[in-house]
Structures are given as structure tokens and as C-alpha cells.
Amino acid sequence: MSEKGILPSRFLFCLITISMFLLIISSSFLLQFSSTSFIPRSVFKLILLNSTSVFLKANVENEPMKLPFMSSKDSQTATGTSSNSNSGNRMAGSFGRQKGKKCDPGQVLLRVYMYDLPPEFHFGLLGWKGKPNQTWPDVSKQSRIWPYPGGLNLQHSIEYWLTLDLLSSNIANIGRPCTTIRVMNSSLADVIFVPFFSSLSYNRYSKLRGKENISVNKMLQRKLVQFLMNQDEWKRLGGKDHLIVAHHPNSMLDARRKLGSAMFVLADFGRYPVEIANVEKDIIAPYMHLVRTIPGGESPPFDQRPTLAYFQGAIYRKDGGVIRQELYYLLKDEKDVHFTFGSIQGDGVKNAGQGMASSKFCLNIAGDTPSSNRLFDAIASHCVPVIISDEIELPFEDVLDYSEFCITVHSTDAIKKGFLLNLLRGIKQEQWTKMWERLKEVVQHFEYQYPSQPGDAVDMIWEAVSRKVPSVRFKIHKSNRYIKSHHPMF
């Protein structure tokens, strides 16, 4: 073969060899990653952690907690229980705050503008009276916080805790997470908060008194609608960026349709038409539990809980709650089941807490509405909840996997003779213990307190609101597509 023919052949051989070498190197590089992603798992977790918040235990510096948006197994790596724990701790401090330091508005997850409504809409309903022209009570010291009524009122007190948190967000000597901060200029806000204690207004002021022609509750709703409709903030986006708490299912009955474009904080959607309230735009918040939270170290394990299943409450209910009667007749005579009528009167709450703490499973059955405080009492008692409510929506379910610490049963299955008992008795100690351990981890996410702490119910609600903001912006931007074409600048 001539020299001219050999040169192209050698060149082609070298080109093929180099190409194969590069292909092998590329394949090896890709195989180091997840089989389902081109992004390394560790890098993916870093991205996830920088897009959401990581929680620290209250009053414990640099001690990471398990992340609610990951499984228990994943959170061990993300929070730094692996060898590289320092980087996890640095990220965990991004939304924390030490006493004596104010939160940086540029670093918080959510900026909230709160209307300075007159006290008659909020703390005035609690009996608070400030000085002339004073809108808000002093919240700089915990001993000065105006108390909320006890009993069943407490279970729907969510607006109270959120308002307190906003009022304290600009006070340097209060240690709270920097997830949310109150801004005084509405143009800088992600969300506009309406501080109306609607659940308290319904519970205490919905009946006519004396010579009243209209109840205080109805009057306040009318005033609120009139106020909001006249605000530039409402007119700007039609109320879509407003946040209204209406946790009691009967609160805001007269105003909810007129204010339905706003985001609602609710207990469930049981008494709302889908066009007014839905999971796409609204936030489901946990009830404030009434029983005492059992410290993790004092929680009775499997063999110290003699009762298989526990239910105490109203048995005869309307609507979807009819299932309570059917289950009562199926279970009332079982020796290891406690199923009886009960109320909060006397020592009712204390007795319920003791009963739940001595039970392996606690039944959360639909009543007049899909949800009830009973679920959160069970969580506080580390009693594995058994949810029998087909229409229920659960708080923070986009970041919490309830199957790790709850059992959910369809109503049609629950009322089959023997089905529920066979299911619960078939759960072995090892499986129950895993759910019990997870309950002790997630219970913090259902605690209301002042000041709020990283990962508690208040903090989780604000985070849930922040996850709705992009959707609100998307809808607004989409609706604005053709505005400029109809009103050209030139």
C-alpha cells in the first residue's frame, strides 16, 4: 500500500480510538450518578435544602432536626449525621435567629404586610383595651401577652398565633425563626395578612345580645368586606395575595363568597364550595391540640399501652359523621377497645389524654366536618392515628408523609364487620414502633406557641403560605399577558 493511502487509514484509526475513549470516560462519569438522574444525589439534596428551610431545635444552637419534607432515612444524610455535618449546620442556620438580632428582610422566606385594623377585629375581641390610638398590644415580653380563651376556643386559635408572630417579627429581643417578617410597606410584601380573629368572633359573638339587630360577628364581617374593597392593596390584584384565617368551619360565613379570591387558612374544605376554597390556593392548618404533649422520653411504648383502639367524643353526628354510630355498635363490646361518649367538661381533656397515652391506636372518625381536633390530640399523645374520613385534607401534606405515622382507612372498609380490628391486630410491634418513633419526631410541627420556634405549627403555616406565592404570581402574570397589547405605550 502506498504512503498516501496509509496516512488516511492511520488518521481514521486514531480518530475512532479517541472517540471510543471519550465515550467510555463519559459513560463512567454518568454511571457515578443516580440511575434516574444526571444530578448526583448529594447535589440534589443541596439544591433542595437551599430551596426550603431546615429546622433547628428550639434553644439548642446548631443541633439539626429531621426535615419534614424528607423521609427519615433521607433526613439523616441531609441534616449532617453523615461525616460532613458542619455544612448541614451552616445551612440550617439560614432561617434561624438569635436574641438581640433582627431578621434581615432580604433573607427571609416570606415578607408579610399586615393591615392595622382597629382592635375590635382582633385583640379587642379578647377584652384588650389599649391607650387612645393604640392598635396593638405590647408583645415584647411574654408575661404581657394577652391570653386567649381556653376550652374548645383554643382549637381554632390559629389567627391569634399568626398575628402574635408577625407583631414580634421586628422585635430584636425575641428569639423566633426568620422564616417570616412583617414589612411596613405593602409594595415590598409577598402576602397581605388580614388580622381578623374570625373563629373567636364566631364562637363568642355570633348570637344577638340585648337589643342588637345584628350580631357583632355579622357586623364585623360587613365592616371587613367594606374595608378591604376600598384598599389599594386589594384592588391591585383582586385580593389574590391576601391571607385570611377562617379556621372554624362556621367562621366568615357571610363574607367568604365576597372574599373568596383571597387565600384562606382553614381546618378543612367541608363547608366550602370548591370555587371558594380548594387545595390549590388555600392552606390547611392543624387544630391546636387540647391534651398535654407527652415528652419523648416519657412516651409509653407498645407493651405499656394495653388498649388497642381509643375513641371518646360525640357519637351521634350528622352528615358524614353517621359512620361514628356504625363503628360504635361494631366496637363497643370489644374488651381491648375504648369507644364511648365524652366531652371536655370537668376532667374530660385530662382523661382523654390519659386514655390516648395508654392506647396503641386512636380513631379519628369523620364528624359534622371531615376534620377534628382529635387527630392532633392523638399525635401529641404519640398514639398512632387511624383516620377514617374520606374527605379530610391534612396539614402540610406536601412536605409530610402521613403514611409514616398514621393509618388511613376508607369508610366503606371500616364499617365491614371485623375489618378494622383485624387490620389493627395484624400490625406487629416492630411496625407500630416505627410509626411511634416518627410521631415523636413530627409532633413539633403541630405545636402552637409564643414565641414561635423553628418547625412548629406557626413556622410550618408560614412556609405553606410561601409555597402558594409562586402559583399566585403565575396566575397574575398569565392574566396580564394582553394588558399591554390593549393599552400600547406607543
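Residues count as buried under 20% relative accessible area, as exposed over 50% and as partly exposed in between. These classes are applied below to a predicted model. The side chains of Arg182 and Asp116 meet with an N to O distance of 2.9 Å.

The protein chain comprises 490 residues, of which 49% are buried. Its secondary structure consists of 16 helices and 11 strands. Of the contacts between residues at least 6 apart in sequence, 67% join residues at least 24 apart. The chain exposes about 25200 Å², and carbon and sulfur atoms account for 55% of this area.

Two disulfides are present in the structure. In sequence order, the bonded cysteines of the protein chain pair as 1-2, 3-4. One of the disulfides joins Cys103 to Cys178, with an S to S distance of 2.0 Å. This link is left-handed, with -85° about the S-S bond. Because Cys103 lies in the loop between helix H4 (85-92) and strand E1 (110-114), and Cys178 in the loop between helix H5 (158-168) and strand E2 (180-182), the pair ties together parts that are 75 residues apart in sequence. Both Cys103 and Cys178 are buried. The loop between H5 and E2 also contains Ala172, which is partly exposed with a relative accessible area of 23%. The C-alpha atom of Ala172 is separated by 4.8 Å from that of Lys102, although the two residues are 70 apart along the chain.

The other disulfide is formed by Cys362 and Cys383, whose sulfur atoms are 2.2 Å apart. The torsion about its S-S bond is about 110°, and the disulfide is therefore right-handed. It connects distant parts of the chain, 21 residues apart: Cys362 is in strand E9 (residues 359-365), and Cys383 is in the loop between helix H11 (374-380) and strand E10 (384-388). Cys362 is buried, with a relative accessible area of 2%, and Cys383 is buried, with a value of 0%. A further cysteine, Cys406, is likewise buried, at 4%.

Strand E9 is part of an open sheet of five strands, which has the order E8-E7-E9-E10-E11 and parallel pairing. Strand E8 (337-341) and strand E11 (407-408) form the edges, each pairing on one side only. Strand E7 (residues 307-313) pairs with E9 in the parallel sense over three bridges, and Thr307 has Ser359 as its bridge partner in E9. Helix H9 (residues 323-331) packs on the sheet, where it touches E7, E8, E9 and E10, and its direction makes about 130° with that of E8. Helix H10 (residues 348-357) lies across E7 and E9 and runs at about 160° to E7.

Parallel pairing also involves strands E4, E5 and E6. Strand E4 (residues 242-245) is joined to E5 by three bridges, the two strands running parallel; the partner of Val245 in E5 is Val265. E5 pairs in the parallel sense with strand E6 (residues 283-284) over two bridges, and Leu266 stands opposite Ile284 in E6. In a regular strand, side chains alternate between the two faces of the sheet. Within strand E5 (residues 263-266), Met263 and Val265 point one way and Phe264 and Leu266 the other, all of them being buried.

The structure holds 19 salt bridges. Among them is the contact between Arg467 and Asp398, with the closest N and O atoms 2.7 Å apart. Arg467 lies in helix H15 (residues 457-479) and Asp398 in the loop between E10 and E11, so the pair ties together parts that are 69 residues apart in sequence. Arg467 is partly exposed, with a relative accessible area of 30%, whereas Asp398 is exposed, at 56%. Another salt bridge brings together the side chains of Asp333 and Lys332, at 3.3 Å from N to O. Asp333 is exposed, with a relative accessible area of 63%, and Lys332 is partly exposed, at 34%. Finally, Arg111, Asp190 and Arg473 are linked in a network of salt bridges.

Conventions:
Residues are numbered from 1 along each chain as its sequence is written. This is a predicted model: local features need pLDDT of at least 70, side-chain atom pairs count only at pLDDT 80 or more; totals for chains, interfaces and linings use all residues. Side-chain values use heavy atoms; hydrogens and water are left out. A disulfide is a pair of cysteine sulfur atoms within 2.5 Å. Helices (H or I, at least four residues) and strands (E, at least two) are DSSP runs, numbered from the N terminus. Buried means under 20% relative accessible area, exposed over 50%, partly exposed in between (1.4 Å probe, protein chains only). Contact means heavy atoms within 4.5 Å. Accessible areas come from the Shrake-Rupley method with a 1.4 Å probe; for residues, only the protein chains shown count as cover. Two strands pair if DSSP finds at least two bridges between them. Axes are lines fitted to C-alpha atoms, for helices over the stretch in contact, and angles run from 0 to 180 degrees between N-to-C directions. A salt bridge is a side-chain nitrogen of Lys or Arg within 4 Å of a carboxyl oxygen of Asp or Glu.
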